[in-house]
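Here is a short note to read beside the model. Keep the sequence and the 3D view open, and take the points in order.

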Amino acid sequence: NRIYGYEINNTYAYQSTVSFEIPNGYQLNYVPESKSFNNDLFSFNFKYTKANQQVTLDSEIKINYLMLQKENFKQWNDFVKALQENMSESISLKKN
């Protein structure tokens with residue numbers, strides 16, 4: 001039960017692109033949905049695309065505050081939960 005807000009030293013912006021080539025003899029069984037979470041304080045975006053024999057994940061995570069006020073803790077907890085759920089997703093392949 002914090003009384004005061006939470007301070008960080010810097011805002012944060014992370015971008016990443018990861019590509020996976022589907023091996024010969026396999027096909028995609030499952031690709032996670034693209035998802036996002038946005039508000040003024042923090043956001044993430046996970047976008048999956050499939051082209052030819054390749055799956056690409058473009059991800060972006062932003063932390064836009066230096067002081068998280070106590071009244072925003074629930075939003076932060078919801079953000080972290082959604083982020084963890086999306087980061088634990090994986091693609092699935094099946095043999096042809």
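1. With which side chain does the side chain of T56 make a polar contact? The partner is the side chain of S19, at 3.2 Å. A polar contact is a pair of N or O atoms within 3.5 Å; within protein, one must be able to donate a hydrogen and the other to accept it, and residues adjacent in sequence count only if both atoms are side-chain atoms.

2. A word on the basis. This is a predicted model, where local features need pLDDT of at least 70, side-chain atom pairs count only at pLDDT 80 or more, and totals for chains, interfaces and linings use all residues. Residues are numbered from 1 along each chain as its sequence is written, and side-chain values use heavy atoms, with hydrogens and water left out.

3. Stay with T56. This residue is found in strand β6. Helices (H or I, at least four residues) and strands (E, at least two) are DSSP runs, numbered from the N terminus. T56 has a relative accessible area of 13%, so T56 is buried. Buried means under 20% relative accessible area, exposed over 50%, and partly exposed in between (1.4 Å probe, protein chains only). Setting aside neighbours within four places in sequence, T56 is in contact with T17, V18, S19, K47, Y48 and T49. Contact means heavy atoms within 4.5 Å.

4. Now the loop between β5 and β6, where N52 lies. Is N52 buried or exposed? N52 is exposed, because its relative accessible area is 70%. Its phi is near 55°, a positive value in a residue other than glycine.

5. Next, the rings. The whole structure holds ten aromatic pairs. Rings of Phe, Tyr and Trp (its six-membered ring) pair if their centres lie within 6.5 Å; planes under 30 degrees apart count as stacked, over 60 as edge-to-face and the rest as tilted.

6. F42 has another ring partner. The centres of F42 and W76 are 5.3 Å apart and the planes lie at 75°, so this pair is edge-to-face too. W76 sits in helix α1, 34 residues from F42. F42 has a relative accessible area of 0%, whereas W76 is partly exposed at 25%. Ring pairs join F37, F42, F44, F46, Y65, W76 and F79 into a cluster.

7. Look along α1. This helix has 15 residues and reaches 21 Å from its first C-alpha to its last, close to the 21 Å expected at 1.5 Å a residue. The expected span is 1.5 Å times one less than the number of residues. F73, F79, A82, L83 and N86 are buried in α1. Their cover includes β1 (6-7), β4 (35-38), β5, β6 and β7.

8. Last, the core. In soluble globular proteins, nonpolar side chains tend to be buried together. The largest nonpolar core here has 17 residues. Such a core is a set of buried Ala, Val, Leu, Ile, Met, Phe, Trp, Tyr and Cys residues joined through side-chain atoms within 4.5 Å. F42, F44, I63, Y65, F79 and L83 have the most contacts inside it. β5, β6 and α1 each give two or more residues to this core.
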